[in-house]
Structure formats: structure tokens, C-alpha cells
Amino acid sequence: MIWVYAICDLPDLPLPRRRGLAQAPLAGIPEGGLVAVVTEHTNPPGEPAVDALWAHERVVERLMADRAVLPLRFGTKLPDAAAMRAVLQARAGEFTAMLARVRGRVEVSVRAIGSGSPNGAPEPEPAAPASGREYLLAKLALDQRGERQAAALHEPLAALAVASRRGMPQAAGEVLRASYLLERADLARFRDAVARLQRQLPETAVLCTGPWPAYSFVGEGAIA
Amino acid sequence: MSARDEIGRQREVALVDLVDRLLAGGVVLGGDLTLSIADVDLVYVGLRALITSVATAEEKGLAIPPAQGQPFR
Amino acid sequence: MTDSPADKLLAAPIDLDPFARDLRRLDDALTRRVQADPDNVERGLAQLVLTLIELLRQIMERQALRRVEAGGLDQQTVERLGATLMALEARMQELKDVFGLEDEDLNLDLGPLGRLL
């Protein structure tokens with residue numbers, strides 16, 4: 001069984017010495033101008049535990065240092081190299097296009113928690129709505145307030161990025177959960193913009209993490 | 001908060017953003033998406049397609065077609 | 001590239017607690033508690049079912065808000081929409097109480113299906 005970390009370009013470039021899950025050495029499965037980076041296992045490395053996640057991530061990030069990388073979803077397993085080559089052959093065009101999209105670029109995460117949110121933050125509840133209409137209008141007001149806070153943050157940041165994706169708010173009070181695809185050279189400028197926006201928007205708490213591999217820009221149907 | 005607690009909290013927060021990406025992002029190989037219960041694989045591709053299409057339709061501001069024969073107001 | 005997870009923070013507020021709350025839900029996903037524990041099958045199933053219901057409720061509520069915002073709905077319709085959604089929300093809360101589930105429990109990571117909410 002092979003555990004797959006990423007699909008990369010530059011198949012002739014030697015693989016890093018860094019090990020993967022269960023300390024297994026990295027192996028490359030080339031096909032056309034692509035190479036899948038994998039480790040081989042007799043028993044599956046098992047449930048995603050925190051250590052496995054970071055071990056997997058370190059492999060992908062190490063690869064990212066000197067080649068274009070399509071990160072695979074965690075837990076991708078195939079029976080053998082032949083199966084891997086078949087996938088690389090079948091989707092060569094798609095993977096090549098995706099690689100062009102991420103080459104030289106990194107992903108950055110932004111989450112923002114505001115006062116009032118589309119989710120209905122745990123704010124002190126006003127008096128119970130007297131009617132269905134009141135209920136809807138109160139929700140709408142909260143929703144719009146959260147959306148204004150989100151837009152104040154998202155719009156200037158999206159302008160600095162090659163591409164951006166907004167996800168659905170997950171946590172209580174969350175108004176924005178977004179990913180931004182940046183040219184690597186623009187990372188510092190983006191980080192400074194986040195810090196500046198945070199100062200300008202004191203009622204919104206902003207968290208920015210990265211750089212990450214471009215997980216949010218390579219999924220199904222991501223070519224755009 | 002001690003310096004150690006602070007680093008711990010930072011790690012947790014980074015972990016949230018990492019897991020968001022590792023488990024829900026990245027390239028997906030293979031066609032069938034399965035959910036296993038008690039080691040029995042149940043295929044839920046249809047459900048996923050439904051959820052995706054509803055979310056996409058929402059994004060595009062499209063009306064979701066009503067059940068057959070019901071007027072859409 | 002860094003070797004320390006803490007180095008991933010590019011910009012952060014002083015209080016990180018609100019951003020770490022996701023971990024409880026993720027913890028379940030990471031240990032696949034929903035599937036693995038036969039003693040908790042009922043609760044796990046309730047979690048799954050309620051997550052799906054909550055997904056639909058949220059989608060419908062969002063749609064309703066967009067429609068109200070766009071205008072063009074008469075007062076009676078707005079009232080009926082709101083009353084129904086309000087009742088749905090109350091019912092959801094009752095169901096959660098019955099099964100001892102919090103909001104954080106209702107955002108399951110279904111592995112390859114990703115998270116529903």
C-alpha cells in the first residue's frame with residue numbers, strides 16, 4: 001500500500017531525505033512530466049493522529065521548498081505504483097494545469113471573529129422575538145453586520161492575492177474563514193496588511209496563519 | 001498565561017487551520033467517497049453531490065427547483 | 001518553511017481561545033469517535049442525523065434571509081417563513097438537549113466527505 005503526499009513537477013529532481021509517516025523513506029513514482037511522492041507501507045499508518053498530520057505536512061512543505069506541489073488530501077492511499085501511474089496518466093492535463101496555478105505560490109489562512117455573526121454569536125439575547133417577521137429581521141441584521149465586518153477584511157486582502165476562497169464560518173462568532181493564494185514574494189506584504197486591518201477593525205479579532213501548501217486551490221473542480 | 005501555555009495555544013490554533021486543509025482540501029484521487037460504520041463501507045457520493053450542488057446554487061443565487069408540481073414563489 | 005507549528009502564526013490577537021475552540025470538534029474527527037465506539041452508537045447516530053438536519057435548517061435559513069433581503073416577499077410570507085424557521089430552531093434545540101449535544105458536536109467531519117457545516 002502506498003501513502004500519497006503530493007504530485008509534483010520536476011520528476012528528475014532528487015527527493016528530499018526527510019522521512020514520511022512511520023519514518024518510511026520517500027519514493028517517487030514518475031509518469032510523463034509529473035511525479036507522485038509516496039511512502040510504502042505493509043500496514044496502513046492508521047487513524048489521523050496529530051503527529052501523523054504534522055509528519056505528513058512536513059513532507060509536503062519540504063517538497064514545496066524547491067518544486068511546484070499539488071498537496072493531496074490526507075489519507076490518500078493506493079494499492080501500488082501501477083495504480084498511481086494510471087491516475088497520473090488519466091489526469092495528466094488536469095494536474096499540469098493545477099501545477100501551473102500553484103507554482104511559486106503559497107496559501108494563507110485568515111479567520112476572523114467579530115461581535116455578532118452570521119452564525120448567531122453567543123451574545124446576550126434580546127427579548128424573544130414576538131413574531132416570525134421580527135425573528136427574520138433580527139437574524140438578517142446580525143447576518144448583515146457580520147458580513148460587513150467580513151467584507152471590510154476580505155476585500156482588501158483578496159485584492160492582494162492571486163485568488164481567494166471563502167468558507168462557511170464554523171466557530172461561534174466567526175464572520176470570516178478564508179484562504180488566499182499568494183505569490184511567495186507577496187507574503188510579507190500580505191501579513192503587514194492583515195496587521196494594519198486588525199488595527200483599523202478593533203471589534204474584529206483576526207488570525208492569520210501560513211504559509212501553507214495550496215490545499216484550498218487544488219481540490220475537485222478547482223481549476224478556474 | 002505561561003510562555004509554555006502560550007506556545008501550546010499557538011500550536012492548537014495552527015493545528016485547526018492545518019486540519020481544515022488536510023482533511024477537507026487537497027487533491028482527491030479515486031471516485032467513490034465512502035463513509036464507514038463498523039467497518040462497513042457505505043457509499044455516500046450522492047449525498048455529497050447534493051450538498052455541493054445546494055451550496056453552489058446558493059452562491060450563484062440560483063433558485064433551487066421545487067418539488068414537482070408545486071408553484072415556486 | 002518552518003518546523004514548529006507555532007511559527008505558522010503570521011498575525012494573531014492576544015486572546016487565541018476563540019480560535020482554538022474548533023479543536024473539540026476536530027478531536028472527534030481525528031479519533032473517529034462517531035464510528036469507533038459501540039457503546040456510543042446511539043449518540044453517534046444522533047450526532048449524524050442532527051448534523052444533517054442542522055445543515056438543511058441552516059441552508060434554508062440562509063436562503064430565507066437572502067429572499068427577505070432581496071425584497072419582493074409579501075408581509076404574510078415573511079411572517080410565515082420567520083415563524084417556521086423560529087419553530088425549527090426551537091425544535092433543534094430541544095433535540096440537542098435530549099441527546100446532550102452542543103453546537104460544536106454538530107459539525108461532524110465525515111472524512112472524505114469533508115465537513116458538512
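**Notes on strand β3(A) and two chain contacts**

1. Strand β1 (residues 2-8) of chain A pairs with β3(A) in the antiparallel sense, over six bridges. Pairing here means at least two DSSP bridges between the strands, and strands are DSSP E runs of at least two residues, helices H or I runs of at least four, numbered from the N terminus. Within this part, A6(A) has V37(A) of β3(A) as its bridge partner.

2. A word on the model: it is predicted, so local features need pLDDT of at least 70 and side-chain atom pairs pLDDT 80 or more, while totals for chains, interfaces and linings use all residues. Residues count from 1 along each chain as its sequence is written, with chains lettered from A and ligands numbered from 1 in the order written.

3. β3(A) also runs antiparallel to strand β2 (residues 27-31) of chain A, joined by five bridges; I29(A) is partnered with A36(A). Two residues sit between the strands of this hairpin, where G32(A) takes a positive phi near 60°.

4. Strand β3 (residues 34-40) of chain A is mostly covered, with six of its seven residues buried (20 or more other C-beta atoms within 10 Å of the residue's own, C-beta atoms being placed from the backbone).

Notes:
A residue is buried if 20 or more other C-beta atoms lie within 10 Å of its own, exposed if 12 or fewer, and partly exposed in between; C-beta atoms are placed from the backbone.
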